[in-house]
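Please read them alongside the coordinates.

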Amino acid sequence: MRIAVTGSSGKLGTVVVRELRAAGHEVIGLDVAGTRGFGFVQTDLTDYGQVIDALTSVQDRHDGVDALVHLAAIPAPGIRPDVAVFHNNIAATFNVFWAAVRLGITKIVYASSETVQGLPFDVPPPYVPVDEAYPARPESVYSLVKHLEETMAVELVRWHPDTSITALRFSNVMVPGDYAEFPDFDADARRRKWNLWSYIDARDGAQAVLRALQSAPAGFDHFLIAAADTVMSRPNAELVAEVFPGVEVRGDLGVHDSLFSTEKARRLLGYAPQHSWRDED
Ligand SMILES: NC(=O)c1ccc[n+]([C@@H]2O[C@H](COP(=O)([O-])OP(=O)(O)OC[C@H]3O[C@@H](n4cnc5c(N)ncnc54)[C@H](O)[C@@H]3O)[C@@H](O)[C@H]2O)c1
């Protein structure tokens, strides 16, 4: 496939571009930042004219794409004023989705976020491990936009039943260089309670994107995408008892199994995380 990847210069996008190319796909990277290079087209996604043009064709680069992977966003609360997060992220996503609809690009995979599960869990989760079964609980403007984007996608596929939109609710994205810090997390159980001690290796994030491109049917669906384990060496039972006493525990938590369930992604997408911080040197 020829695949447009937005946010191609970012932490996750760089790895997704590399892995999609390694899997044999042709990739056109669209990002407002980045260095000139093969397959990269500098594009401001808040400008619909640029978006529809860049996805239609770009001289000397491509004459249309088969699929779209949308990762561009201001990637967390607090980096920019809330209003800037709202305007940038919602406009970029609407423009990208709408251009895809206009151009008949029917396969879209994009980055939603773990935050819609209710991070930073100042209000405890309804149960652990958390899954996608309870209603979204955005607690920041950043997360509100992620929730609105999922809502927008539901309506777009209702209007265009041949289109497939997959929202991947990524956990906190990590690359191997981040893992040196992980042993320090154990000292304070509350330091990483905001996402239930979860994370996702960017390479597994890329795997989830690939699987969704390969297997997601028409329609909309959302999936939690996390590593198989937590960031902690302390056991789950101890962490949950200390930080979330009284929260319903469903099933066997395992010692270090992720408290973000990826059962749905495993079952419906064939997602199978391969990378753990515990295996890095
Ligand atoms: N990093 C995380 O922990 C995390 C967790 C869950 C979800 N996500 C989501 O995953 C995606 C990728 O995150 P990341 O960590 O790689 O972030 P990043 O900041 O490293 O990369 C995002 C890229 O998007 C580009 N971008 C932003 N606005 C743009 C615009 N208007 N036009 C063109 N390009 C624009 C930026 O230039 C940047 O290169 C985002 O949608 C983010 O919300 C990230």
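1. Leu-196 sits in the loop that runs between β8 (173-174) and β9 (200-201). Leu-196 is not a glycine, yet its phi is positive, at about 55 degrees. Most residues other than glycine have a negative phi, and most peptide bonds are trans. Helices (H or I, at least four residues) and strands (E, at least two) are DSSP runs, numbered from the N terminus.

2. The model is predicted: local features need pLDDT of at least 70 and side-chain atom pairs count only at pLDDT 80 or more, whereas totals for chains, interfaces and linings use all residues. Residues are numbered from 1 along each chain as its sequence is written, and side-chain values use heavy atoms, with hydrogens and water left out.

3. Two cis peptide bonds deserve a check. One joins Leu-119 and Pro-120, with omega about 10 degrees; Pro-120 belongs to the loop between β5 and β6 (127-128). Another joins Val-128 and Pro-129, with omega about -10 degrees, and Pro-129 is in the loop between β6 and α4.

4. The ligand is surrounded by 26 residues, a residue being counted if one of its heavy atoms lies within 4 Å. The closest are Lys-11, Leu-12, Asp-31, Tyr-142 and Asn-172. By class, this shell has 12 nonpolar, 10 polar and four charged residues; Ala, Val, Leu, Ile, Met, Phe, Trp, Tyr, Cys and Pro count as nonpolar, Asp, Glu, Lys and Arg as charged, and the others, Gly among them, as polar.

5. At least two shell residues come from each of α1 (11-22), β5 (107-113) and α4 (141-159). The largest share, three residues, is that of β5.

6. A backbone N or O atom of Val-173 lies 2.8 Å from a ligand oxygen, and one of Leu-71 lies 2.9 Å from a ligand oxygen. For Lys-146, a polar side-chain atom is 3.0 Å from an oxygen of the ligand. The protein covers 86% of the 830 Å² of accessible area that the ligand has on its own (Shrake-Rupley method, 1.4 Å probe).

7. The whole structure holds 17 salt bridges, each a side-chain nitrogen of Lys or Arg within 4 Å of a carboxyl oxygen of Asp or Glu. In one of them the side chains of Glu-280 and Arg-203 meet at 2.9 Å, N to O. Glu-280 is in the segment after α7 (263-269) and Arg-203 in helix α5 (residues 202-215), so the pair ties together parts 77 residues apart in sequence.

Conventions
Polar contact = N/O pair within 3.5 Å; in protein donor to acceptor, adjacent residues only side chain to side chain.
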